[in-house]
Amino acid sequence: MAVRVQPRQLAFALPHAESLTRDNFLEGPANEAGLTLIESWPDWPNRIMLLVGPEGSGKSHLAAIWAEQAGARSISAHALTPTAVPGALATGALVVEDLKPGDFDERAMFHLMNLGREDEASILMTARIAPSAFEVELRDLRSRLRAVPTVPLLPPDDLLFRGLIVKFCADRQLSIDETVVSYLASRIERSYAAARQAIDLLDSEALRLGRPVTRALAAELLRNA
């Protein structure tokens with residue numbers, strides 16, 4: 001007798017729109033210093049400032065808010081080249097995203113910092129760790145990077161963490177109730193990256209299984225993770 005096998009439903013990873021407006025930024029003690037910096041522009045203590053925080057801590061969101069406010073262009077630190085520097089500074093304000101050790105052109109960065117100072121431009125950089133931990137070959141660049149004032153974004157407290165779970169679900173148009181939020185908040189690592197990863201997993205599994213996102217589904221996924 002032939003056995004009919006139920007075909008497995010495929011889940012397609014459709015892009016979701018994450019809102020990066022000021023109205024959709026979740027405030028809390030963990031990011032208070034970063035938000036204060038953004039809202040205090042142009043009265044910064046230095047024309048070049050650096051937001052430092054773990055993955056998903058809101059650095060890009062804050063940078064997007066500031067870029068809108070300041071008319072800033074945005075470029076990845078990895079993509080910065082010496083020839084791109086003048087154009088990047090054309091509006092007098094620039095976001096340099098995701099500065100990583102050994103993953104940027106040192107001469108381009110040195111040129112950027114010099115030209116930015118000459119043009120009196122405002123530059124906002126983002127990084128996961130402070131440049132004091134970087135190995136930089138150009139001595140002058142090393143000292144300049146280490147002199148840039150850094151503003152830390154800290155791990156979220158309980159209230160902000162629960163808010164992040166709700167926001168990540170809302171960004172995916174995913175409907176959840178308070179029992180799911182409470183369950184996740186008490187059982188996953190309290191970090192931005194862990195919250196985002198958990199919601200990504202819930203979203204894809206709910207789609208694949210054709211089930212709503214419930215506490216039972218969250219329990220199954222975390223048990224099998």
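Helices (runs of H or I in DSSP, at least four residues) and strands (runs of E, at least two) are numbered from the N terminus. The model shown here is predicted: local features need pLDDT of at least 70, side-chain atom pairs count only at pLDDT 80 or more, and totals for chains, interfaces and linings use all residues. Residues are numbered from 1 along each chain as its sequence is written, and side-chain values use heavy atoms, with hydrogens and water left out.

The protein has 9 helices and 5 strands. Starting at the N terminus, the order of its elements is α-β-α-β-α-β-α-β-α-β-α-α-α-α. The C-alpha trace spans about 80 × 40 × 30 Å along its principal axes. Of the 225 residues, 41% count as buried, where buried means under 20% relative accessible area, exposed means over 50%, and partly exposed lies in between (1.4 Å probe, protein chains only). A contact means heavy atoms within 4.5 Å. Among contacts between residues at least 6 apart in sequence, 74% join residues at least 24 apart.

Helix α1 covers residues 32-40, and within this helix G34, L35, L37 and I38 are buried. Viewed down the axis of α1, the buried residues fall within an arc of 155°, so they line one face of the helix. The arc is taken from the directions that run from the helix axis to the C-beta atoms. An α-helix has 3.6 residues a turn, so residues three or four places apart point the same way. The buried residues of α1 pack against β1 (48-52), α2 (59-70), β4 (122-127) and β5 (150-152).

One of these partners is α2. The axes of α1 and α2 come within 9 Å and cross at roughly 10°. Such axes are lines fitted to C-alpha atoms, for helices over the stretch in contact, and the angles run from 0 to 180 degrees between N-to-C directions. Helices α1 and α2 are therefore roughly parallel to each other; that label applies to angles under 35 degrees, with over 145 roughly antiparallel, 65 to 115 roughly perpendicular and the rest oblique. In this contact G34, L35 and I38 of α1 meet L62, I65, W66 and Q69 of α2. By class, the contact of α1 with α2 has 5 nonpolar, 2 polar and no charged residues. Here Ala, Val, Leu, Ile, Met, Phe, Trp, Tyr, Cys and Pro count as nonpolar, Asp, Glu, Lys and Arg as charged, and the others, Gly among them, as polar.

Strand β4 contains S122, which counts as buried at 7% relative accessibility. Leaving aside neighbours within four places in sequence, S122 is in contact with W41, W44, R47, W66, G92, A93 and L94. The side chains of S122 and W41 are joined by a polar contact of 3.0 Å. A polar contact is a pair of N or O atoms within 3.5 Å; within protein, one must be able to donate a hydrogen and the other to accept it, and residues adjacent in sequence count only if both atoms are side-chain atoms.

Most residues other than glycine have a negative phi, and most peptide bonds are trans. The peptide bond from W41 to P42 is cis, with omega near 10°, and P42 lies in the loop between α1 and β1. E120, in the loop between α4 (106-118) and β4, has a positive phi of about 55° although it is not a glycine. Q173 is not a glycine and has a positive phi of about 55°; its place is in the loop between α6 (158-171) and α7 (178-187). E120 counts as exposed at 53% relative accessibility, and Q173 counts as exposed at 76%.
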